[in-house]
Amino acid sequence: QDVVYNHLGPSGNYLPEFGPYLRDGQRNTWGDSIDLDEPAVREYIIENALMWLRDFHVDGLRLDAVHALHDEQPVHILQELAERVDALSAHQQRPLTLIAESDLNDPTLILPREAGGYGLTAQWSDDWHHAVHVALTGETAGYYEDFAAADAVAKVTRGGFFHDGTFSSFRGRPHGRPVPDTVPAWRLVTFAQDHDQIGNRAAGDRLSQTLSPGRLAVAAVLTLTAPGTPMLFM
């Protein structure tokens, strides 16, 4: 189940008329950010996640754009959520999965809490998508530019992230951190297409509209045989 806890959007959003749910003046890509310093707001988000898992028997949640969750509390809401979900998992005696979408390239999300991480199950690797996309299409505009490097596919296949402290020309600064060797490769979700990457394109075109059947087969083989957990986009 895809859940969005980081934004509501600027249009038609009347929540500020009813309570202090948003941070005044602190914005993200979609508008004013959620005020995670408010205990009631935090509890609402966590209880909503637990509702999907407990009451509707969902197996896992994909947490949208967690880099937009501005949290200044001692325990980050993602760690608090992971703790509560792990407790529910133990109570229900079935695995429950939390997958973070993040462009931070920060392994803290999936490191065990004993190692200073949040203890989420997995996170997406946009870098893997970018490297494969450039290798198959030859596109190098925008954030694809750095992934024209000859070793890009090999690096993300081995290490999960391409930008692991390296300079990102798109951001104009160093970006990311290495994934420790102790983190299993399956904790990174890899894919050749997803709704964001297609939706970000001016024409919304998919690989099937531009690549030959042979190259589409390469995309499928790379996705299914990479060390990460493959996400198959319909």
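**Backbone, sheet and pockets of a predicted model**

Gln93 is exposed, with a relative accessible area of 73% (exposed means over 50%, buried under 20% and partly exposed in between, with a 1.4 Å probe and protein chains only). The structure is a predicted model, in which local features need pLDDT of at least 70, side-chain atom pairs count only at pLDDT 80 or more, and totals for chains, interfaces and linings use all residues. Residues are numbered from 1 along each chain as its sequence is written, and side-chain values use heavy atoms, with hydrogens and water left out.

Gln93 lies in the loop between H2 and S5 (helices are DSSP runs of H or I with at least four residues, strands runs of E with at least two, numbered from the N terminus). Its phi is positive, near 55°, in a residue other than glycine. Ala65, which is not a glycine either, has a positive phi of about 40°. This alanine sits in the loop between strand S4 (60-63) and helix H2 (77-92), but Ala65 counts as buried, at 3% relative accessibility.

Turning to the sheet, six strands form an open arrangement in the order S1-S4-S5-S6-S9-S10, with parallel pairing (two strands pair if DSSP finds at least two bridges between them). Strand S1 (2-3) and strand S10 (229-230) are at the edges with a single partner strand each, so one side of each has no neighbour in the sheet. Strand S5 (residues 97-100) and strand S6 (residues 122-124) run parallel and are joined by two bridges; Ala100 has Gln123 of S6 as its bridge partner.

Now to the open spaces. The largest pocket holds about 580 Å³ of space. A pocket is an open set of points on a 1 Å grid over the protein atoms alone, where a 1.4 Å probe fits, with protein on both sides within 12 Å along at least five of seven lines; lining residues have an atom within 4 Å of a point. Of the 27 residues lining the largest pocket, His67, Asp103, Asp126, Gln197 and Asn200 are the closest to its centre. H3 provides the largest share of this lining, three residues. By class, the lining of the largest pocket comprises six nonpolar, 12 polar and nine charged residues.

The second largest pocket contains about 260 Å³ of space. Helix H1 (residues 39-54) gives the most to its lining, with five residues. The lining of this second largest pocket has 10 nonpolar, two polar and no charged residues (Ala, Val, Leu, Ile, Met, Phe, Trp, Tyr, Cys and Pro count as nonpolar, Asp, Glu, Lys and Arg as charged, and the others, Gly among them, as polar).

Terms used. Points joined across faces, edges and corners; volume = space filled by probe spheres on them.
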